[in-house]
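Here are my notes on the model, point by point. Please read them with the structure open.

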Amino acid sequence: MSPLILILVFVVATVVGYFLIKNVPSLLHTPLMSGMNALSGVTLIGALAATGLAVLIDHPIWGQVVGGLAIILATINVVGGFGVTHRMLRMFKQKKRTDK
């Protein structure tokens, strides 16, 4: 595939994504963020698969190192995203009233 086509797809996806996110009401940001965190788990699975494939077909060590780095970064992304979502959802819980 031509690099020009790949760059064009990236630019179009960036512009469309920007306008989609810009028009999302603030009430929907938390559920959408939680869904995107679950989708980010796919990047973790892809990183695991790519690293495993690099090990199986005996690529040079740099492929395994880059794959390991991808696993670490994808894990940080998923765990951090769910942590932020959990923190945001706590803001919506009602506090128990203790006055009588």
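1. Is Ser40 buried or exposed? Ser40 counts as buried, at 14% relative accessibility. Buried means under 20% relative accessible area, exposed means over 50%, and partly exposed lies in between, with a 1.4 Å probe and protein chains only. Ser40 is found in helix α2. Leaving out residues up to four places away in sequence, Ser40 touches Asn77 and Val78. Contact here means heavy atoms within 4.5 Å.

2. A word on the basis of these notes. This is a predicted model, in which local features need pLDDT of at least 70, side-chain atom pairs count only at pLDDT 80 or more, and totals for chains, interfaces and linings use all residues. Residues are numbered from 1 along each chain as its sequence is written, and side-chain values use heavy atoms, with hydrogens and water left out.

3. Overall fold. The protein chain has 3 helices and 0 strands. From the N terminus on, its elements run α-α-α. The radius of gyration of the protein chain is 20 Å, well over the 13 Å that the globule rule gives for 100 residues, so the chain is more spread out than a compact globule. That radius is taken over C-alpha atoms, and the rule is 2.2 Å times the number of residues to the power 0.38. The C-alpha trace spans about 70 × 30 × 15 Å along its principal axes. Helices are DSSP runs (H or I, at least four residues), as are strands (E, at least two), numbered from the N terminus.

4. Burial and surface. Of the 100 residues in the protein chain, 14% are buried. The chain exposes about 8,500 Å², and carbon and sulfur atoms supply 75% of that. Accessible areas come from the Shrake-Rupley method with a 1.4 Å probe; for residues, only the protein chains shown count as cover. Among contacts with a separation of 6 or more, 66% join residues 24 or more positions apart.

5. Asn77 lies in helix α3, residues 61-92. Asn77 counts as partly exposed, at 41% relative accessibility.

6. Thr51. This residue sits in helix α2, residues 29-56. Thr51 is buried, with a relative accessible area of 11%. Which residues does Thr51 touch, not counting those up to four places away in sequence? They are Gln64, Gly67, Gly68 and Ile71.

7. His29. This residue is also found in helix α2. His29 is partly exposed, at 33% relative accessible area. Leaving aside neighbours within four places in sequence, His29 is in contact with Ile21 and Val24. His29 and Thr85 are 56 residues apart in sequence, yet 9.7 Å apart in space, C-alpha to C-alpha.

8. Nonpolar patch. Ile7, Phe10, Val11, Val15, Tyr18 and Phe19 form a nonpolar patch on the surface, with about 630 Å² of accessible area together. Patches take residues with over 30% relative accessible area and no salt bridge; nonpolar side chains (Val, Leu, Ile, Met, Phe, Trp, Tyr) are joined within 5 Å, like charges within 9 Å. A salt bridge puts a side-chain nitrogen of Lys or Arg within 4 Å of a carboxyl oxygen of Asp or Glu. Phe10 is found in helix α1, residues 3-22. Phe10 counts as exposed, at 59% relative accessibility.
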